[in-house]
Amino acid sequence: LHHHTDGLWYLFCTEKEDGRFSSDAYFHIYYSSSHEGPFLPHPKNPIYGDARKSRPAGALFYQNEKLIRPAQISAPHYGFGIAYFNVLTLSPDDYKEELIFEEFPQDGYQSTHTINQLDSLVVHDVQKKVFKIYHEEEKKLLFCFQAMVHCIFTALHFLLLLFIWPF
């Protein structure tokens, strides 16, 4: 959800299109005069049908006076990287953006799919595969730890969004 300089609220999301294989590929925009809605579909929906640039990877943000939209690169696999787009035009009638750069996980990491920031605080998730043989009890503890880490990242993202949205 993004509150734009034109006074409108824009919702960026992906949707599954007519039973096609993935909801990651179809980028949609909705807009409203209120953050509570109702939200109207953008006339250019779906904006994209491409898993390499459709699924949001965090809240939009401003950098050097440019509106940036992070998007997940979900091909050839989920979490392959993050693409950063400069939003050139955002209105109820039009949408244009250009690719600025793509970021891929560094050595030793397998995937990344979300970035959020508030002032100088940046939350960026990555996944690292570690090969280890676990006993059954260790597997349960590891699963609990992974679930806890996921909850912490989800809570941090939620808190960042609460502070970013000017309600």
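Tutor: We begin with the elements: helices (H or I, at least four residues) and strands (E, at least two) are DSSP runs, numbered from the N terminus. In those terms, Pro38 lies in the loop between β3 and β4 (40–41). The model is a predicted one, in which local features need pLDDT of at least 70 and side-chain atom pairs pLDDT 80 or more, while totals for chains, interfaces and linings use all residues. Residues are numbered from 1 along each chain as its sequence is written, and side-chain values use heavy atoms, with hydrogens and water left out.

Student: How many helices and strands are there in the protein?

Tutor: The protein has one helix and eleven strands. Their order from the N terminus is β-β-β-β-β-β-β-β-β-β-β-α.

Student: What makes Phe27 a buried residue?

Tutor: Buried means under 20% relative accessible area, exposed over 50%, and partly exposed in between (1.4 Å probe, protein chains only). Phe27 has a relative accessible area of 0%, so Phe27 is buried. Tyr48, at 17%, also counts as buried. Over the protein, buried residues make up 37% of the 167 residues.

Student: Which residues does Phe27 touch?

Tutor: Contact means heavy atoms within 4.5 Å. Setting aside residues up to four places away in sequence, Phe27 touches residues including Phe12, Asn45, Pro46, Tyr48, Arg69 and Tyr95.

Student: What makes a group of residues a nonpolar core?

Tutor: The term denotes a set of buried Ala, Val, Leu, Ile, Met, Phe, Trp, Tyr and Cys residues joined through side-chain atoms within 4.5 Å. The largest such core has 13 residues, and those with the most contacts inside it are Tyr10, Phe12, Phe27, Ile29, Leu90 and Tyr95. Two or more residues come from each of β2 (9–14), β3 (26–32) and β8 (81–90). Strand β3 gives the most, with three residues. A second, separate core of six residues includes Ile68, Ile82, Tyr84 and Ile115.

Student: Why is the pair of Phe27 and Tyr48 called stacked?

Tutor: Rings of Phe, Tyr and Trp (its six-membered ring) pair if their centres lie within 6.5 Å; planes under 30 degrees apart count as stacked, over 60 as edge-to-face and the rest as tilted. For Phe27 and Tyr48 the centres are 5.9 Å apart and the planes are at 20°, so the pair is stacked. Phe27 is in strand β3 and Tyr48 in strand β5, 21 residues apart. Phe12, Phe27, Tyr48 and Tyr95 form one aromatic cluster.

Student: And why is the pair of Phe80 and Phe104 called edge-to-face?

Tutor: The ring centres of Phe80 and Phe104 are 5.3 Å apart, and their planes stand at 70°, so the pair is edge-to-face. Phe80 lies in the loop between β7 and β8 and Phe104 in the loop between β9 (95–103) and β10 (111–118), so the pair ties together parts that are 24 residues apart in sequence. Phe80 is partly exposed, at 29%, and Phe104 is partly exposed, at 36%.

Student: How do you know that Arg69 lies over the face of Phe27?

Tutor: A charge sits over a ring if NZ of Lys or CZ of Arg is within 6 Å of the ring centre and within 35 degrees of the ring normal. Arg69 meets this description over Phe27, at 4.1 Å from the ring centre.

Student: What makes β6 and β7 paired strands?

Tutor: Two strands pair if DSSP finds at least two bridges between them. Three bridges join strand β6 (residues 61–63) to β7, and the two run antiparallel. Phe61 stands opposite Ile68 in β7. Strands β7 and β8 also pair in the antiparallel sense, over six bridges, and Arg69 has Phe85 as its bridge partner in β8.

Student: Why is strand β7 described as largely enclosed?

Tutor: Seven of the eight residues of β7 (residues 66–73) are buried, so the strand is largely enclosed by the rest of the structure.
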